[in-house]
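Please examine the protein chain presented below. The briefing that follows is arranged by topic.

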Amino acid sequence: MTSAPSQLLAASAEEGGHHVVNELLFEPIWFGVIALVAFLALLGLLWSFRNTLALDPHNVAEGHDPDSARGSSAH
């Protein structure tokens with residue numbers, strides 16, 4: 001008896017060596033299109049949060065530490 005991998009190799013050699021192992025779900029160009037759309041969606045999400053530091057209610061941007069009033073020192 002021969003093993004299954006050797007039988008598969010012999011069968012693919014008989015077919016002329018054109019054995020498709022894994023097919024892609026769709027054309028290769030669409031992988032790039034999907035990646036570009038995903039990148040633009042993430043860029044849009046990032047863009048939606050622009051200038052939000054100016055709306056900071058605790059003035060953390062100016063160096064005021066909101067935890068300093070609580071008496072906790074992390075350093």
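Is Asn51 buried or exposed? Asn51 counts as exposed, because its relative accessibility is 63%; exposed means over 50% relative accessible area, buried under 20%, and partly exposed in between (1.4 Å probe, protein chains only). This is a predicted model, in which local features need pLDDT of at least 70, side-chain atom pairs count only at pLDDT 80 or more, and totals for chains, interfaces and linings use all residues. Residues are numbered from 1 along each chain as its sequence is written, and side-chain values use heavy atoms, with hydrogens and water left out.

**The chain as a whole**
- The protein chain has two helices and zero strands; these are DSSP runs (helices H or I, at least four residues; strands E, at least two), numbered from the N terminus.
- Of its 75 residues, 3% count as buried.
- The chain exposes about 7300 Å², of which carbon and sulfur atoms supply 66% (Shrake-Rupley method, 1.4 Å probe; for residues, only the protein chains shown count as cover).

**Asn51**
- Asn51 lies in the segment after α2.
- Asn51 is not a glycine, yet it has a positive phi of about 60 degrees.
- Most residues other than glycine have a negative phi.

**Val33**
- Val33 is located in helix α2, which covers residues 28–48.
- Val33 counts as partly exposed because its relative accessibility is 33%.
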